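Good morning, and thank you for making the time. I should like to walk through one model with you, moving from side-chain geometry to the strands and helices. Please have the display ready.

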Amino acid sequence: MNLHESTPPVRIAAPTLVDAVVIGAGFAGLYAHYKLRGIGCTVFGVEAAPEVGGTWFWNRYPGARCDVESLDYTYSFSPELLDQWRWSERFATQLEILRYINHVADRFDLRRDIGFDTRVTAATFDEAANQWVVDTDRGDTVRCRYLIAAVGCLSLPKLPEIAGIEDYEGRWVQTGAWPHEPVEIAGKRVAVIGTGSSGIQSIPLLAQEAAHLTVFQRTANYSVPAHNGPVDPDYEAQVRTDYSAHCQANRKTKGGVPSRIDSGVSAMAVCDQERQAKYEQAWGFGTFSLQSVFNDTTRNPEANALAAAFVHDKIRSIVNDPEIAERLIPRGYPFGTKRLCLDTGYYATFNRSNVELVDIRATPIERITRTGVQTTDREYPVDLLVFATGFDAMTGPLLTLNIRGAGGQSLNDAWKDGPFSYLGLAIAGFPNLFTVNGPSSPSVLANMLPTIEHHVDWIVECISYAKRKGFDRVEADEGAQKEWAHEVARIAAMTLYPQGNSWYIGANVPGKPRVFMAYIGGFDRYVARCEEIADSGYTGFRFSAVGSTE
Ligand SMILES: Cc1cc2nc3c(=O)[nH]c(=O)nc-3n(C[C@H](O)[C@H](O)[C@H](O)COP(=O)(O)OP(=O)(O)OC[C@H]3O[C@@H](n4cnc5c(N)ncnc54)[C@H](O)[C@@H]3O)c2cc1C
């Protein structure tokens, strides 16, 4: 496929002053352009990549695909777009999703105000002018009233803290920034470091091509079979009877997706036989339903242990070598408290004779050498090294923006003990700055297309409200932000999530404050809260008319 389905982006000159700057041109940034234009704002976009797509531009490793069903992982703002776009698979590939994003960008003419191949290097609030001053690595300086950070939650890939990468003479790649030119795998000795979602998606495909695949696993992860295939025509027909209503209904669910097989009861409320049957149904169905099929799996340790034991048994039944199966069985943290993965043939891959699993808790990696990976046990020669080592999630992309708000306060200082944000939408002390899927919103715990649309709708309505009332400065109140942070922490503490050493709490980045970064009370409750706040005249926000220099 030609990446640019029709219109390759033309490099545009950065304007000096606009109403809004949008950072990022993934799903969130593009929708922000569409909505801001709709209220008559002039907009400039800045995107580090040479094209639209965000996540789906960068993550082009073998096996990359969504793990929310495509019928739900889709924009819903245009009924015509919903009606006309057809997904070929239940879980679309990265390429198909990228094609879709390009289609949307073409169809709504969303590229025309975006400076591609350009990175925001600083954003400073100019108090006197009541404007944000945005600097880029191309030397542009753009002033704007509103700054929209649509930089993504998983857009800053991280390398592991292993010495010696610079000595390595073979090729190394990262799943989160996979090269555009072909990566030769056939006949190579390939090693993957990392067994999170990207590792689990890519390992089965790498194994099929590589001469030999060595998987370095620090933490075994829970994964359930995706059962991908063509979109089920009956289910699709049912969804399409009123697709817009289907999407609206997703905003009234905990995870932003329909609960198709959830029982709505506690795992402890049913007999063993019924529980087992329900787990089997979820395992056979795909999606994250094993986590939600009973309503207390992520809260009740007993219920959680039952779901965990079910997966452990599945792993034992799939993996032929009992010793390898035991190494693949996740231990030491509750089921689902590290991001659950969806796979196609992951555990069975370890039955292949060309695949080797190295437990780097037992034999840690000492360093990367000139020719491979040295553990405390031996050296593994490698031609291609794949780092599937995740992201500096949620706060990383925001903190690299070098944001300075009112009084010159830097966001990095404000967040040194963890991210504080009102609703994940706005940050006290940083007027007229909005974040899409910011920390303390449901973000990565829900289907992110509805959360993106919800956030952008809310932000743009808030800006529109300010304009209608003659205000030009909006900021979150410190007290409201504190209360929200308390609420986010209180709800997280009612679950088992904080017990997992996950990227949800920053555990994968040395030195990162351990704070549960997402609102876990459910997307439905979150949406209701945001609506309540807007309907009450934006409780917890301060609006003022500072005087515009426009
Ligand atoms: C492999 C993978 C699979 C996923 N699958 C799912 C799924 O199935 N379901 C789901 O709900 N979510 C999934 N996600 C999460 C996914 O990130 C979101 O669904 C969604 O694509 C996020 O869109 P976004 O526009 O908010 O952010 P992104 O798509 O991350 O876009 C952010 C953009 O901001 C740009 N940017 C960042 N910093 C700067 C800067 N300083 N200057 C200029 N530009 C900058 C980046 O280059 C990037 O293009 C997945 C994520 C990954 C990595």
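The charged end of Arg378 sits over the ring of Tyr380, at 3.9 Å from the ring centre. The criterion here is that NZ of Lys or CZ of Arg is within 6 Å of the ring centre and within 35 degrees of the ring normal. Arg60 also has its charged end over a ring, that of Phe57, 5.0 Å from the centre.

A word on provenance: this is a predicted model, in which local features need pLDDT of at least 70 and side-chain atom pairs count only at pLDDT 80 or more, while totals for chains, interfaces and linings use all residues. Residues are numbered from 1 along each chain as its sequence is written, and side-chain values use heavy atoms, with hydrogens and water left out.

Let me turn to ring pairs. Rings of Phe, Tyr and Trp (for Trp, the six-membered ring) pair if their centres lie within 6.5 Å; planes under 30 degrees apart count as stacked, over 60 as edge-to-face and the rest as tilted. By that rule there are 42 aromatic pairs. Take Tyr75 and Tyr100: their ring centres are 6.2 Å apart and their planes stand at 35°, so this pair is tilted. Tyr75 lies in the loop between helix 2 (55-58) and helix 3 (79-84), whereas Tyr100 belongs to helix 4, so the pair ties together parts that are 25 residues apart in sequence. Helices and strands here are DSSP runs, H or I of at least four residues and E of at least two, numbered from the N terminus.

Are these two tyrosines, Tyr75 and Tyr100, buried or exposed? Tyr75 is buried at 1% relative accessibility, and Tyr100 is buried at 0%. Buried means under 20% relative accessible area, exposed means over 50%, and partly exposed lies in between, with a 1.4 Å probe and protein chains only. Both tyrosines belong to one aromatic cluster, whose members include Phe27, Tyr31, Trp56, Trp85 and Phe108.

Helix 4 itself deserves attention. At 1.5 Å a residue, its 14 residues should span 20 Å, and the end C-alpha atoms are 20 Å apart, which agrees; the expected span is 1.5 Å times one less than the number of residues. Among the buried residues of helix 4 are Gln94, Glu96, Ile97, Tyr100 and Ala105. What covers its buried residues includes helix 1 (27-38), helix 2 and helix 3.

Just after helix 4, Asp109 takes a positive phi of about 50°. Asp109 lies in the loop between helix 4 (94-107) and strand 3 (114-115), and is partly exposed, with a relative accessible area of 37%. Asn402, also a residue other than glycine, has a positive phi near 55°. Its place is the loop between helix 13 (396-399) and strand 17 (403-404), and Asn402 is partly exposed at 43% relative accessibility.

Five strands form an open sheet in the order 7-16-8-9-12, with parallel pairing. Strand 7 (171-174) and strand 12 (355-359) stand at the edges with a single partner strand each, so one side of each is left without a neighbour in the sheet. Neighbouring strands are turned by 20° against each other on average, direction ignored. Two strands pair if DSSP finds at least two bridges between them. Strand 7 is joined to strand 16 (residues 384-387) by four bridges, with Arg171 partnering Leu384.

Where does strand 9 stand in terms of burial? Five of its six residues are buried, so strand 9 is largely enclosed by the rest of the structure. Helix 5 (residues 197-209) lies across strand 8 (189-193), strand 9 (212-217), strand 12 and strand 16, running at about 155° to strand 9. Axes are lines fitted to C-alpha atoms, for helices over the stretch in contact, and angles run from 0 to 180 degrees between N-to-C directions.

Finally, a contact across the sequence. Tyr422 and Gly540 are 118 residues apart in sequence and 8.2 Å apart in space, C-alpha to C-alpha. Tyr422 is buried at 4% relative accessibility. Leaving aside neighbours within four places in sequence, Tyr422 is in contact (heavy atoms within 4.5 Å) with residues including Ala476, Trp484, Ile533 and Gly540.
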